[in-house]
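User: Hello! I am new to this structure and would like to learn how to read its features. Could you guide me?

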Amino acid sequence: MKFGVVIFPGSNCDEDIIYVLEKVMGQQVVRLWHKDHDLQGADVVILPGGFSFGDYLRSGAIARFSPIMQEVIQFAAKGGYVMGICNGFQILAEAGLVPGALLHNKQRKFICRNTYLRAQTNNSLLTSQIDEQKVLKIPIAHGEGNYYADEDTLKALNDNEQVLFRYTDEAGNITNEANPNGSVENIAGVCNVKRNVFALMPHPERAADALLANEDGLAIFESILNMANA
């Protein structure tokens with residue numbers, strides 16, 4: 001499988017995810033510069049975390065207009081798989097490729113720590129192989145990860161099984177105390193209605209190597225490979 005990782009000025013998690021895809025998962029990866037107009041035949045396009053364009057205006061607001069994003073939008077419209085992590089989630093939301101918006105964390109502080117998640121559906125490329133009762137320990141690192149959507153959008157997300165992950169405590173309970181940033185309904189990841197664009201705030205690439213003493217994030221990458229190759 002061929003993955004394309006988009007690199008914006010200010011991306012800082014691109015090499016992390018390239019390492020996991022190439023060295024851990026054994027997949028082909030191409031680097032896509034933000035000024036490119038060619039996705040180089042990627043089967044899956046990934047927008048990594050970081051601070052694209054310094055997070056000026058709003059996180060992801062400038063990157064959304066990079067030349068490569070026109071290709072990403074067209075790719076998604078044709079059913080191509082697109083995944084955004086952290087800043088990538090923010091960019092996808094700004095581009096209208098996933099519903100909702102990312103606001104400043106409720107504490108108005110940057111948060112960098114481990115969180116716990118549970119998959120909310122198996123009906124997606126990212127979660128197809130994940131037991132919905134299994135608790136994953138995945139780190140977050142963001143200042144604007146507070147997911148917001150209005151009531152109608154939330155109803156549609158829940159009705160269509162578009163909520164991919166919710167923040168939980170270590171035992172898997174979805175509680176206010178387990179919510180690190182104020183996200184509505186503890187939402188940590190969503191997909192579009194066509195189920196080919198995926199976005200999550202936590203960083204699975206930072207929990208996908210035995211050297212880091214945490215491989216919970218591998219479940220997400222394994223789901224992508226297993227479902228895409230089925």
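User: How many aromatic pairs does the structure hold?

Analyst: Rings of Phe, Tyr and Trp (its six-membered ring) pair if their centres lie within 6.5 Å; planes under 30 degrees apart count as stacked, over 60 as edge-to-face and the rest as tilted. Here there are three aromatic pairs. One of them joins Phe51 and Phe110, which are tilted at 35° between the planes and 6.2 Å centre to centre. This is a predicted model, where local features need pLDDT of at least 70, side-chain atom pairs count only at pLDDT 80 or more, and totals for chains, interfaces and linings use all residues. Residues are numbered from 1 along each chain as its sequence is written, and side-chain values use heavy atoms, leaving out hydrogens and water.

User: Is Phe51 buried, exposed or partly exposed?

Analyst: Buried means under 20% relative accessible area, exposed over 50%, and partly exposed in between (1.4 Å probe, protein chains only). Phe51 is partly exposed at 37%, and Phe110 is partly exposed too, at 45%.

User: Where does Arg64 lie?

Analyst: A charge sits over a ring if NZ of Lys or CZ of Arg is within 6 Å of the ring centre and within 35 degrees of the ring normal. Arg64 lies over the face of Phe65, 4.6 Å from the ring centre.

User: Which classes of residue make up the lining of the largest pocket?

Analyst: Ala, Val, Leu, Ile, Met, Phe, Trp, Tyr, Cys and Pro count as nonpolar, Asp, Glu, Lys and Arg as charged, and the others, Gly among them, as polar. A pocket is an open set of points on a 1 Å grid over the protein atoms alone, where a 1.4 Å probe fits, with protein on both sides within 12 Å along at least five of seven lines; lining residues have an atom within 4 Å of a point. The lining of the largest pocket has five nonpolar, 10 polar and three charged residues.
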